[in-house]
Amino acid sequence: MKTSDKFLVSVVMGSDSDLGVMEESMKILKDFQVPYEVVLTSAHRSPERTADFAQKAALRGIRLIIVGAGAAAHLAGVIASQTLLPVIGVPIDATALQGLDALLATVQMPGGIPVATMAIGKAGAKNAALMAIRILALTDEALEKKLQTYIQQMARDVERKQANLNATNP
Ligand code: RP5
């Protein structure tokens, strides 16, 4: 973990085996030029490191925490219990239950400590970053404009794909 106050978003994961999924969050944050850090910590294998990270994140200038975890995925909830920052959870398909275990563990927080839970896997990791960007864009006009451009580009892509379909299926 790099300690710096220049990062706005922490991308946290429970294991380096989660990296392939969580890279989807990093790609989006990089594209939008949102400064982020990557943090490896586990709720059960390194509980003290996890608590230390969560308790100090806001003081270091972090505004949002994205957390990916698989299996009995309590990492997002544990982090949310030790910070007032918004926590966005990404359930990861890491077991024979194909992410359903992580989805339920992440989404089913008892009332009082929220975790904003995304879809299982890569789509969830991508949307976690886009959700973080939407929240940051509430107070950042330049980021809001980038978000509008991104959304317009998606709409243009659909039209382009329609044109391609038309060309190959006259
Ligand atoms: C969770 O257990 C991690 O988030 C990971 O998804 C899963 C498996 O971890 P490894 O055994 O691959 O390190 O804590």
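This is a predicted model: local features need pLDDT of at least 70, side-chain atom pairs count only at pLDDT 80 or more; totals for chains, interfaces and linings use all residues.
**Domain contact.** I found 11 residues of domain 1 in contact with seven residues of domain 2. For the bounds I took the domain assignment of the chain, which gives domain 1 as 9-139 and domain 2 as 141-170. I then took the distance between the C-alpha centres of domain 1 and domain 2, and noted 28 Å.

**Buried area.** I looked up the area next. About 750 Å² is buried between domain 1 and domain 2, and carbon and sulfur atoms give 71% of that area. I asked which three residues supply more than any other three of the area that domain 1 buries against domain 2. They are F32, R134 and A137, with 59%.

**Polar terms at the interface.** I searched for salt bridges across the interface of domain 1 and domain 2, and the rule finds zero. For polar contact I counted two residue pairs between domain 1 and domain 2, both at pLDDT 80 or more.

**Domain 1 side.** I checked which element gives the most to the side of domain 1 that touches domain 2. I have it as helix 5, residues 122-137, with six residues. By class, I list the residues on this side of domain 1 as seven nonpolar, two polar and two charged.

I read an open sheet of five strands in the order 2-1-3-4-5, with parallel pairing. At the edges I put strand 2 (36-40) and strand 5 (116-117), each of which pairs on one side only. Between strand 1 (residues 9-13) and strand 3 (residues 64-70) I counted five bridges, and these two strands run parallel. I also looked up M13, and its bridge partner in strand 3 is G68.

**Salt bridges in the whole structure.** I counted four salt bridges in the structure. One that I followed up is E37 with R60, where the closest N and O atoms are 2.8 Å apart. I then asked what parts this pair ties together. I place E37 in strand 2 and R60 in the loop between helix 2 (47-57) and strand 3, so the pair ties together parts that are 23 residues apart in sequence.

Notes. Residues are numbered from 1 along each chain as its sequence is written. Side-chain values use heavy atoms; hydrogens and water are left out. Domain bounds come from an automatic or database domain assignment. Contact means heavy atoms within 4.5 Å. Buried area is the accessible area (1.4 Å probe) that two parts lose on being put together, summed over both. A salt bridge is a side-chain nitrogen of Lys or Arg within 4 Å of a carboxyl oxygen of Asp or Glu. A polar contact is a pair of N or O atoms within 3.5 Å; within protein, one must be able to donate a hydrogen and the other to accept it, and residues adjacent in sequence count only if both atoms are side-chain atoms. Helices (H or I, at least four residues) and strands (E, at least two) are DSSP runs, numbered from the N terminus. Ala, Val, Leu, Ile, Met, Phe, Trp, Tyr, Cys and Pro count as nonpolar, Asp, Glu, Lys and Arg as charged, and the others, Gly among them, as polar. Two strands pair if DSSP finds at least two bridges between them.
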